[in-house]
Structures are given as structure tokens and as C-alpha cells.
Amino acid sequence: MIRIRNEPSSAKWDSWKAKGQRKAAEHIADHRAGREFKIDADLYKACRNEILENFHGKCGYCESLIAVQNHVPDVEHYRPKGRIRDHLNSEDLDKHPGYFWLAYEWRNLLPSCPACNRPGKAIATGKTVGKHDLFPVASGTRAWKPGHETREEPLLLNPYIDDPADHFTFDYDTGVIGAKTDRGEETIRLLDLNRDALLSERVAHVTQARYIVGQLFRELQDLSGLDDRRWNEVLQAKHPEKSYSAFRAAYIDRVIARFQRFRTPAKANSRARHNSEEANRAAQRAVGSRGRKKKASGRN
Ligand SMILES: [Zn+2]
């Protein structure tokens with residue numbers, strides 16, 4: 001999981017958002033008046049490709065590439081639009097209407113692979129896993145009305161808001177994600193983020209990153225010797241478009257930090273840090289510019 005800070009930008013996106021806001025307002029009015037209403041699945045799925053592209057073609061939870069596998073992703077509601085279950089609290093949710101008012105809200109929609117989103121059994125533990133309609137929150141904070149969700153304390157990390165690096169640890173030899181926080185622990189458990197298929201993929205990607213970084217550093221005495229081309233190679237290896245980039249980026253950043261600490265004199269260390277920050281900013285600008293070009297070329 002990585003944090004997603006950008007919003008797609010296109011006339012189609014703006015029009016879709018406006019339609020969603022109108023439809024949500026209709027649902028709220030119907031609900032208040034006690035009238036039946038139906039969530040429009042065609043509407044919330046209408047910008048599925050834009051949402052997937054905003055997540056670099058990956059599952060918003062486990063970072064498996066969806067676009068390359070040519071799968072149609074589930075459009076997952078972070079806060080469930082209908083029935084809600086909370087396996088950690090005894091609160092009676094039978095009468096909860098679901099977060100219907102967020103059914104078309106783009107910050108509540110993310111692409112998901114079936115393994116993360118659909119209910120199933122974990123092979124290792126036999127426990128029920130998959131996000132589905134689960135949405136545990138800290139006791140006593142559940143929102144029952146539109147707008148009250150701002151007071152909630154969800155236990156599932158939200159890629160639009162939370163920085164997973166604050167909640168996860170990474171074991172580069174086994175591919176296992178560990179938890180720094182209770183929310184990290186619940187997110188790992190709920191999505192089964194240490195399922196076997198993910199562990200082997202993460203190890204393979206870190207091995208690839210090890211090779212790239214190892215090759216570069218073998219030739220260098222300190223990071224100040226890295227020219228732009230070489231920095232770009234390092235940055236590409238941890239680019240958000242790569243699968244499992246949270247894992248890869250954490251590994252590469254750790255290697256760079258160790259390299260700076262042990263191999264670089266204080267003066268060069270400062271220069272290297274400056275170069276690193278500059279290169280990171282340049283990469284961010286390049287990503288933003290590429291995203292805008294995609295929109296301009298009408299690929300969405
Ligand atoms: Zn997934």
C-alpha cells in the first residue's frame with residue numbers, strides 16, 4: 001500500500017464527480033423521507049479506468065499490478081456503501097444503512113484485486129479474510145449520518161489519507177509486512193497482506209532492487225558521485241508505478257541511508273542528501289507532468 005495524493009484531472013472526471021454529488025444528494029433526501037433508493041453501480045464504476053490509473057494500475061491495498069494482468073479491477077468502497085460488518089465491536093449494525101452518501105465519492109473508491117476485496121479463507125490460518133463489507137472503527141466512533149464520518153477512527157488504513165510507512169515494517173528477506181501500530185496490524189489481518197503469493201512477489205522485487213542498487217554503489221565511494229542518470233536509475237527502481245513499491249522504496253531508502261552513514265564524510269554526506277532531495281523532487285515533477293500529458297492525450 002502506498003499513499004495516493006493526486007486527483008485525476010479531465011472534463012470526464014469533473015462531469016462524473018458532479019453527477020455523483022447530485023445522485024448522493026438524491027439518496028440523502030430519499031433516506032430522510034423514508035423512501036427506497038438504489039445505488040447506481042454503473043455510475044460509481046464509470047471512471048474505473050481513471051481510478052485505476054491514479055493508483056498506477058495497482059490494487060490500492062496490496063499493490064499487485066492489475067492493469068498488466070488485464071483484469072477488470074473491483075471498484076472498492078473503502079467505507080461500504082451498503083451493509084457493514086465490524087468483527088471487533090459488538091455494536092448492532094443491522095439498522096445501519098451503510099455509507100450510501102459516499103457511494104460516488106472518489107476518495108471512497110479504490111481499485112482492488114479480488115484477493116483483497118472479496119471474502120475468503122486465509123490458507124495459512126483458515127481465518128476469514130478479504131475486505132468485503134467489513135469496516136471496523138474504534139469503539140464508539142461509528143458514523144450513522146452523512147458528514148459524521150469525519151469523527152470516525154477507522155482501523156483500516158486509507159491510502160488516500162494514511163502514509164502506510166508510518167504503520168508498517170518490512171522484512172526484506174521474507175517479504176513479510178509487520179505492524180508498528182494497531183491500525184497497521186488490523187489492516188494486515190483484514191486484507192491478509194502476508195498471503196504466500198505476496199511474500200514471494202515482494203522477495204523477488206527486493207532481490208531485483210538489491211541488484212540495481214548493488215551495481216550502482218559498487219562503483220562509488222560516496223553518493224555525491226552519483227550523476228543524474230544514475231540517480232534516475234535508483235529512483236526508477238522505487239517508482240510508485242512499480243509493483244510493491246512501498247517495499248522496494250523502503251529497502252532502497254534504507255540502503256541509501258546506511259551508505260551515507262558509513263561511507264560518506266560529513267561534507268559529502270550533506271551534498272549527497274541535497275542531491276537526493278533534488279532528484280526526488282525532480283522525479284515527483286516528472287510523474288506529475290507525465291500524468292498531465294496522459295490526460296491531455298485523451299487516454300482516459
Ligand atoms: Zn490486492
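Before the first stop, one term: a residue is called buried if 20 or more other C-beta atoms lie within 10 Å of its own, exposed if 12 or fewer, and partly exposed in between, with the C-beta atoms placed from the backbone. This is a predicted model, in which local features need pLDDT of at least 70, side-chain atom pairs count only at pLDDT 80 or more, and totals for chains, interfaces and linings use all residues. Residues are numbered from 1 along each chain as its sequence is written.

**The whole chain**

Start with a cartoon view: there are 9 helices and 6 strands. Helices (H or I, at least four residues) and strands (E, at least two) are DSSP runs, numbered from the N terminus. Of the 300 residues in the chain, 30% are buried.

**Helix α1**

Select residues 11–33. This is helix α1, whose 23 residues reach 33 Å from first C-alpha to last, close to the 33 Å expected at 1.5 Å a residue. The expected span is 1.5 Å times one less than the number of residues. Just after α1, glycine 34 takes a positive phi of about 75 degrees.

**Strands β1 and β2**

Now select 74–77 and 109–112. Strands β1 and β2 pair in the antiparallel sense over 4 bridges; two strands pair if DSSP finds at least two bridges between them. Click on glutamate 76 and look across to its bridge partner in β2, leucine 110. Both faces of β2 are covered: Leu109 and Pro111 are buried on one side, Leu110 and Ser112 on the other. In a regular strand the side chains alternate between the two faces of the sheet.

**Helix α5**

Next, select 182–191. Which residues of α5 are buried? They are Arg183, Gly184, Glu186, Thr187, Leu190 and Leu191. Look down the axis of α5: its buried residues fall within an arc of 165 degrees, so they line one face of the helix. The arc is that of the directions from the helix axis to the C-beta atoms. These buried residues pack against α4, β4, β5 and β6.

Stay in α5 and center on glutamate 186. Glutamate 186 counts as buried because it has 20 C-beta neighbours inside 10 Å. Not counting residues up to four places away in sequence, glutamate 186 touches Pro136, Leu155 and Leu156; two residues are in contact if their C-beta atoms, placed from the backbone, lie within 7 Å. Just after α5, aspartate 192 takes a positive phi of about 55 degrees.

**The largest nonpolar core**

Show side chains for Cys62, Cys116, Phe247, Tyr251 and Ile252. Among the 48 residues of the largest nonpolar core, these touch the most other members. α8 (245–263) gives the most to this core, with 6 residues. Domain 1 (11–194) and domain 2 (200–295) each provide at least three residues of this core. A nonpolar core is a set of buried Ala, Val, Leu, Ile, Met, Phe, Trp, Tyr and Cys residues joined through C-beta atoms within 7 Å, and the domain bounds come from an automatic or database domain assignment. Zoom in on isoleucine 252: leaving aside neighbours within four places in sequence, it is in contact with Ala209, Val213, Val234, Ala237 and Lys238.

**Two loop residues**

Finish with glutamate 63, in the loop between α3 and β1. Glutamate 63 has a positive phi of about 70 degrees although it is not a glycine. Then go to tyrosine 244, in the loop between α7 and α8, where phi is also positive, at about 50 degrees.
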